[in-house]
Amino acid sequence: MPALSADVLESMREPGTSRLSPSRLAELLEMRQQELAALAGVHRNTLRMHSESPRLQATLRDLVRLLSAAAAIQTDRQRLAFFIKNEPVAAFRHKTLLQVVQEGRTDDAIAYLESVASGFAG
């Protein structure tokens, strides 16, 4: 089952740190910084001035986990971002996977993706 490649993961790291980069992850997901801040529940300046924020980093880790699980289904990076942001999922009352993550249900979204990757169609 493919996951995110090491080079993709490395590309999301903030240079010279062990933190995830909000700007790089936003770029990968084709999101504006303001959208990512709203998803994390932080002020948009937090992304630039306090990227070490535990709340922000927890959200970024959840997004990386989601991307890794989704990569088993969709390997094209642009389609992967589109799928996560726009595809309504019937199992979640037609919410997108990004909305499910925003609700704090990352584990549910990942379980869904793992079931689809293993062949479950419902």
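Q: What do the side chains of Arg105 and Asp108 meet in?
A: A salt bridge, 2.9 Å from N to O. Keep in mind that this is a predicted model.

Q: Why can two such side chains pair at all?
A: Side chains of opposite charge can pair when their charged atoms come close.

Q: Are Arg105 and Asp108 exposed or partly exposed?
A: Arg105 counts as partly exposed because its relative accessibility is 31%. Asp108 is also at a partly exposed position, with 37%.

Q: Which residues are linked with Arg105 and Asp108 in a network of salt bridges?
A: Lys95 and Glu103. Together with Arg105 and Asp108 they make up the network.

Q: What about the pair Glu103 and Lys95, how many Å from N to O?
A: Their salt bridge spans 2.4 Å.

Q: And how accessible are Glu103 and Lys95?
A: Glu103 has 37% relative accessibility, so it counts as partly exposed. Lys95 has 28%, so it is partly exposed too.

Q: How many salt bridges does the count come to?
A: The count is 7.

Q: Which residue does Arg65 form a salt bridge with?
A: Asp62. The closest N and O atoms are 3.1 Å apart.

Q: Where do Arg65 and Asp62 sit relative to each other?
A: Both are in helix α5, 3 residues apart. That spacing means about one helical turn separates them.

Q: Let's go inside. Which residues touch the most other members of the largest nonpolar core?
A: Met12, Leu25, Leu63, Leu67, Ile84 and Leu97. The core has 35 residues.

Q: Pick Leu63. What does Leu63 touch?
A: Leaving out residues up to four places away in sequence, Leu63 touches Leu25, Leu29, Leu36, Leu39, Leu98 and Val101.

Q: New topic: loops. Where is Ser53?
A: In the loop between α4 (44-49) and α5 (54-70).

Q: Is Ser53 buried or exposed?
A: Buried. Its relative accessible area is 15%, and buried means under 20%.

Q: What does Ser53 touch?
A: Val42 and Thr46, again not counting residues up to four places away in sequence.

Q: Where is Glu30 found?
A: In the loop between α2 (22-28) and α3 (33-40). Glu30 counts as partly exposed because its relative accessibility is 47%.

Q: And Arg93, what is phi there?
A: Near 55°, which is positive, and Arg93 is a residue other than glycine.

Q: Which loop holds Arg93?
A: The loop between α6 (77-86) and α7 (97-102).

Q: Is Arg93 buried or exposed?
A: Exposed. Arg93 has 73% relative accessibility, and exposed means over 50%.

Note on methods:
Residues are numbered from 1 along each chain as its sequence is written. This is a predicted model: local features need pLDDT of at least 70, side-chain atom pairs count only at pLDDT 80 or more; totals for chains, interfaces and linings use all residues. Side-chain values use heavy atoms; hydrogens and water are left out. Helices (H or I, at least four residues) and strands (E, at least two) are DSSP runs, numbered from the N terminus. Buried means under 20% relative accessible area, exposed over 50%, partly exposed in between (1.4 Å probe, protein chains only). Contact means heavy atoms within 4.5 Å. A salt bridge is a side-chain nitrogen of Lys or Arg within 4 Å of a carboxyl oxygen of Asp or Glu. A nonpolar core is a set of buried Ala, Val, Leu, Ile, Met, Phe, Trp, Tyr and Cys residues joined through side-chain atoms within 4.5 Å.
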